[in-house]
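Hi,

Here is the structure I promised to pass on.

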Amino acid sequence: MPQAHPDPLDLLLFPTWLVPIEPAGVVLKDHAIGIYQGRIALILPHEQAKALRAERSLQLPGMMLTPGLVNGHGHAAMTLFRGLADDLPLMSWLQEHIWPAEAKWVNEAFVRAGTELAVAEQIQGGVTCFSDMYFYPEIVSQVVHAFGVRAQIAIPVLDFAIPGARDADEAMRKGVELFDDLKHHPRLSVAFGPHAPYSVADSKLEAIRTLVAEMDIGIHMHVHETLHEVEEAVRNDGERPLARLARLQLLGPRFQAVHMTQVAEQDVELLVEHNCSVIHCPESNLKLASGFCPVEQLWEAGVNVAIGTDGAASNNDLDLLGETRTAALLAKAVAGSATALDAHRALRMATLNGARAFGLDECIGSLEVGKFADMVAFDLSGLAQQPVYDPVSQLIYSCSRDCVRHVWVGGKQLLDDGKLTRMDEQLIIKNAWEWAEKIKAR
């Protein structure tokens, strides 16, 4: 029987393929999706949907509609450091290049320009929701609000002064203030982002534990990024970093462990026991030679694994579709199995798993009636995508972000036939060049 629907709908889309993500592995051929007041109102076969009225209808022949991609980890404003210190190991890259550059250049204007560049790049790549862990988070929230995307703002906390906060206490206080400002925002959520176990003391982590319990928000943290990090922790403290976080009672369903390239059996047990999420950043891990996250092992154990690009300074792009392809290929090599992380699970990792990590899986991450209409249309009609046997497999293994044609967040179109609808692309590029000229001169 036809689904009940408002009359008229705000938007009615007719893609060739529709991939809801939930139920898993399903591809709907010749189904339409109707949007009303920013949410999915119905999904029907084309023939039934043709009888419906809508303020706007759009035919999408040769296109596949999926949920918007969810970028599980990044540092948006670091797009302005893209290519600044390539081909270096993590600690040299951080301590000798990135941290000094941040101390010199990062201010509110830098964060605004860099975040605008990152948001524009991500929209063009089909990303509708991302997590950002960077300085001046209030500026990031202003950019996200203005340009219509969805984001989790992870408040950075370190033991030393950072741009925008003199110490960890001020960073946490400002984080609470931002949470209060945004707690009713339809597209913005706040988490705490203690940088890493090696850069935040127990006392500050305990304070964060108290705050997140009171505020019911997530913790987003670099964990087990390198072998050196784990070995140093064991040498100095006698325990692995994840075990320390468990002892401090930070682990839980809203804990987002970013990287996790060093995973022992006891680590898997802790992740499963506490129902944590892991954010996998394969290309940054590869570029910095940090190690390999055992995605298939974690998935089979029941750990929610999402995917992130990391910042453009260590990737060097914010191409989540490309990241997902790398994740799928790398998972097979690490597991020694060609069946590891198949294309459908890889797409789930880039959509619903990311939403679940942020605590947003009831709202986004799949195309289901009642959820927000965060969607991306991929064009599979090109020569390089022919023939199409399984459109999801074609997306993961044969498409690039150049195949992204349209993007909607909450039913509002942010990308129309490849063109940004709310952002001035040429102005963003001009601003990026101006920052690059200043940084390069010094």
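At which residue does helix α2 (residues 90-105) bend, and by how much? The bend is about 35° and sits at Ile98, with a proline, Pro100, following within four residues. (The bend is the angle between axes fitted to the seven residues ending at a residue and the seven starting there; helices are DSSP runs of H or I with at least four residues, strands are E runs of at least two, and both are numbered from the N terminus.)

Before you go further: this is a predicted model, where local features need pLDDT of at least 70 and side-chain atom pairs count only at 80 or more, while totals for chains, interfaces and linings use all residues. Residues are numbered from 1 along each chain as its sequence is written, and side-chain values use heavy atoms, with hydrogens and water left out.

Back to α2. Ile98 itself is buried, and so are Leu90, Trp93, Leu94, Ala101, Glu102 and Trp105 (buried is under 20% relative accessible area, with a 1.4 Å probe and protein chains only). The buried residues of this helix pack against α3 (108-124) and α16 (425-441), with contact meaning heavy atoms within 4.5 Å.

As for the whole protein, there are 16 helices and 17 strands. The radius of gyration is 21 Å, close to the 22 Å from the globule rule for 442 residues, so the protein is as compact as a globular protein of that length (C-alpha atoms; the rule is 2.2 Å times the number of residues to the power 0.38). Of the 442 residues, 60% count as buried. Among contacts between residues at least 6 apart in sequence, 73% join residues at least 24 apart.

Cheers

Conventions
Buried < 20%, exposed > 50% of the residue type's maximum accessible area, 1.4 Å probe, protein only.
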